[in-house]
Amino acid sequence: MNNNWNEADAVRQVAAIHSYVVASLSAALLEWVWQGHEYVRSALPHRLDIAPVAQSPEPAPARWRIQAGTQFLDQPRAPLAVIRLTWTAGELDWESLLSSAWLIAHEFVCHAQRLLPRDGSPRTPSGRDCPFYGGWMEEVAYALFCTRVAGASYIGPDAMPPVPHGVVVAASDEGPEADDRLWVGAHLGEMARVAVDFRRDRYGTGMDGRRHLFAQQWELGAHAVRLLWRFLASCTSYEVVEKRNRAALAQLVSLSFRIQSATRSPDELRRVVNGCLLAGQTALSFMKNPDKARFLQLLTQPIPDIAVWSYKLEALCRTFPV
Amino acid sequence: MPYVPGVISDQTRVLHAALQLATFSIEHLADLAGVEPPVAQAIVDRSRDMIEEVGSESPFPKLYHLRESARSKLAREAVDLADRLRGAQRPTLNDTARTALVVIEATESSVQLRKLVDSDSRAWGERAVVQLELARRLVVLVGDLAYRATLRRRVVQLAGRLEGIPLPPPAQPPASVQQRPVGKAWRAPRSNNSRAPRTIWRSPNRRLYDAVERRFITLDDVRKLVNELVDFVVIDKRGKGDITRAILLQIISEEEEEGEDPLMSTEFLIELIRCQGGELQELLGQYLEHSLKLLTAERGPSAPN
C-alpha cells in the first residue's frame with residue numbers, strides 16, 4: 001500500500017496508465033495483426049471513459065473496487081469502442097488503481113480491437129460464457145500484457161513508447177505529464193503482480209475455493225491457447241527460447257484476430273475452440289511431421305470461410321483412433 | 001525465466017509448489033496433506049524461505065509470472081509435495097489426461113449451468129453433449145491406462161446425467177470443401193451412434209461405397225436399402241455435399257426406363273413437367289406426398305420387389 005497516494009490523483013494516473021498500455025499494445029498489434037491487412041491500416045479507434053460514481057453499478061468482485069466494460073458506438077464506416085472504467089468515489093484503493101492497467105489491456109485486446117463484421121453491421125458484446133472471448137482472448141491479452149506492457153524495463157520517461165499519431169485516441173489531447181509517465185514506469189512491477197491477483201480472483205481460484213460460474217468454460221479457451229502456443233513454439237526455427245516464444249506469440253495473436261474477424265457466431269467460436277483443443281493436443285502428442293505441417297499451415301493462413309477451416313481442423317484428427 | 005505457459009522445468013516445479021504451500025493456511029495444509037499441524041507449519045516455513053531466496057535474486061514480476069503460469073497446477077503439485085514428504089508416491093498426470101480433465105470439468109459445468117441459467121437461449125444441454133464427445137475423443141488418446149480408466153468412468157457418469165438430451169446432427173462437410181479432407185489413407189467413419197444414418201459415399205469415378213458394409217454397391221443395392229427401410233445418406237466425396245435426392249431420382253429414372261410396367265405414364269409425366277415452376281408446383285408436391293403417405297399407411301410398408 002502506498003501511503004502517500006491520494007485518490008484525487010486517480011483520474012490523471014489512470015489516464016497515464018491507459019496511454020502507456022494502449023501505446024504498447026497498439027505497437028504489437030500493428031506489427032503482428034494489422035500489418036498487410038487489406039482494410040485496416042491502424043488499430044481501431046477507441047475512447048477511455050473514466051467515471052468515479054457515487055454508487056457502484058455492479059457488486060465489485062472480491063476485494064477489487066474497480067470495474068471495466070466496453071461499449072460499442074459503431075457508425076457505418078466509423079467504428080468506435082468506449083472502454084469504461086468505474087469505481088465508487090471514496091473507495092478506490094491502491095491495488096485497485098494499479099489493476100486498471102490489466103483491465104485496460106484486457107478490454108483493449110479482447111473487445112475494443114474486435115474487427116467489424118464483414119456486412120458492416122455494428123459490433124455487439126460477446127456473451128459472458130463465451131470460451132473464446134472469456135478464455136482464449138483473455139489468455140492472449142495476458143500474454144501480450146506480460147511481454148509488451150509489464151515486461152518492459154524502466155529506463156526513463158523517454159522509454160515510454162510514443163502514441164502513434166492519428167491512430168489511437170488518447171484520453172487527453174496533450175498526453176500524460178512527464179511526472180505521470182515516470183510514475184507509470186516506476187510501478188510496472190506492481191501492476192504485473194496485481195494483474196496476476198486480479199485474474200486469479202476473476203476465475204475464482206483464490207483461497208476461498210469458490211469458482212466463478214463460467215470459469216470452467218473460460219478454461220477451455222485458455223487451455224486451447226496454451227496448447228497452440230506450445231505447438232507453434234515447437235515449430236519455429238529459433239534456438240533461443242525467448243525468440244521461439246516471441247515468434248509463437250506473434251503467430252498466436254495473428255491467428256486469434258483472424259478467427260474473430262472470420263465469424264462472430266458463438267457456436268462457430270465454440271467449435272473453433274473445441275477443434276483447436278483436440279487438434280492441439282493431438283499435434284503435441286501423436287502427430288508426425290506431415291500432419292504437423294498441415295496443422296501449422298491451417299494455423300498460419302488466412303481464413304476465408306470459418307466453416308471450411310473448422311472442418312479441415314477436425315479432419316486432421318480423423319486418422320487417429322478417436 | 002520467461003513466462004512459458006505449460007512448460008515447467010524441475011527447478012521451477014519445486015518453486016511452484018513452494019509458492020502454493022506458502023499461501024496455504026496451516027489448518028488447510030494439515031487437512032489436505034494429512035499431517036500434523038507442526039509438520040505443516042515446518043513445510044510452510046520452508047516454502048517461505050525458498051520464496052525469499054528466489055525473490056532476492058530475481059525481480060518481483062518474474063516470480064509472479066511463474067506463479068501465474070502454474071495457476072492450474074499449483075494445488076496438485078502442492079499435494080504431490082506434501083505426499084512425498086510423508087513417503088507416498090503419486091504419479092503426475094500426463095498432458096493429454098490434463099486436457100481431457102479440463103474438458104470434462106467444462107462439461108460438468110455445462111450440466112450445472114443448464115439447471116442454473118436459462119436453457120432455452122443458451123442451449124447448455126447441447127453444448128454439454130458436444131463437449132462430452134470431445135472429452136471422449138481425448139480420453140481415447142490418453143496414454144496412461146490408469147488415468148484413462150478413471151477419466152472414462154467420469155465420461156460415462158456424465159453421459160448418464162445427460163441422457164435424454166438430443167444429440168446434435170453430425171457435422172457434414174461444407175459445400176465449399178472442394179478437396180478430400182486432409183489425412184493419409186481415407187478411412188470410412190465407423191459410427192457407434194446407431195441413430196446416425198448410414199453413410200454412402202460417391203467417389204469421383206461415380207461409384208458408390210457403403211461405409212458400413214465396406215464395399216462398393218450399385219444402384220440396385222441402394223434400392224434394396226430403401227425397401228428395407230434403412231435410413232441412409234449419400235455424400236459426394238468431391239465436395240458436392242448431400243446428393244441423396246439425386247441418387248433416388250436416378251433410381252426412379254432407371255426403373256421407369258428399363259421396367260416393362262412403368263409407374264408413371266407419358267401423359268402423367270407431361271402434366272408433371274407442365275406443373276413444374278408454375279403456381280401448382282408446391283400444391284401438387286404436397287398433394288402427391290400426402291396421398292402416398294395415406295396409401296402406405298393403409299397398406300402397411302411396401303414389400304421389397
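This is a predicted model: local features need pLDDT of at least 70, side-chain atom pairs count only at pLDDT 80 or more; totals for chains, interfaces and linings use all residues.
This is a guided walk through two chains, from an overall view down to single residues.

Residues are numbered from 1 along each chain as its sequence is written, while chains are lettered from A and ligands numbered from 1 in the order in which they are written.

Let's begin with chain A. Its secondary structure comes to 10 helices and three strands. Here helices (H or I, at least four residues) and strands (E, at least two) are DSSP runs, numbered from the N terminus. Read from the N terminus on, the elements run α-β-β-β-α-α-α-α-α-α-α-α-α. Chain A has 322 residues, and 47% of them count as buried. A residue is called buried if 20 or more other C-beta atoms lie within 10 Å of its own, exposed if 12 or fewer, and partly exposed in between, with C-beta atoms placed from the backbone. Two residues are in contact if their C-beta atoms, placed from the backbone, lie within 7 Å. Among contacts in chain A between residues at least 6 apart in sequence, 79% join residues at least 24 apart.

Now find the strands of chain A. They form an open sheet of three strands in the order β1-β3-β2, with mixed pairing. Two strands pair if DSSP finds at least two bridges between them. Because β1 (46–53) and β2 (66–72) of chain A stand at the edges with a single partner strand each, one side of each is left without a neighbour in the sheet. From one strand to the next, the twist averages 20 degrees. Seven bridges link β2(A) with β3 (residues 81–88) of chain A, and this pairing is antiparallel. To see one pair for yourself, look at A:Q67, which stands opposite A:T86 in β3(A). In a regular strand the side chains alternate between the two faces of the sheet.

Two arginines in the helices of chain A are worth a visit. A:R193 sits in helix α5 (residues 188–203) of chain A, and it counts as buried because it has 22 C-beta neighbours inside 10 Å. A:R193 and A:E95 are 98 residues apart in sequence, and their C-alpha atoms are 9.6 Å apart in space. A:R246 belongs to helix α7 (residues 241–262) of chain A. With 15 other C-beta atoms within 10 Å, A:R246 is partly exposed. From A:R246 to A:W229 is 17 residues in sequence and 9.9 Å in space, C-alpha to C-alpha.

Next, move to the strands of chain B. β1(B) and β4(B) run parallel and are joined by five bridges; in this pair B:R202 stands opposite B:D236. β4(B) also has two bridges to strand β5 (residues 241–242) of chain B, and these two run antiparallel. Here B:D236 has B:G241 as its bridge partner. β4(B) and β5(B) form a hairpin with four residues between them, and B:G239 in the turn has a positive phi of about 100 degrees.

Positive phi also turns up in chain B in residues that are not glycine. B:R206 has a phi near 70 degrees and lies in the loop between β1 (198–202) and β2 (208–210) of chain B. B:R206 counts as exposed because it has 7 C-beta neighbours inside 10 Å. For B:L229, phi is about 60 degrees; its place is the loop between α10 (219–227) and β4 (232–236) of chain B.

Finally, look at how helices pack in chain B. Two packed helices are described by the angle between their axes and the distance between the axes. Axes are lines fitted to C-alpha atoms, for helices over the stretch in contact, and angles run from 0 to 180 degrees between N-to-C directions. The axes of α6 (residues 95–116) and α9 (residues 145–161) of chain B come within 11 Å and cross at roughly 15 degrees, so α6(B) and α9(B) are roughly parallel. Angles under 35 degrees count as roughly parallel, over 145 as roughly antiparallel, 65 to 115 as roughly perpendicular and the rest as oblique. By contrast, the axes of α10(B) and α11 (residues 244–258) of chain B come within 10 Å and cross at roughly 105 degrees, which makes α10(B) roughly perpendicular to α11(B).
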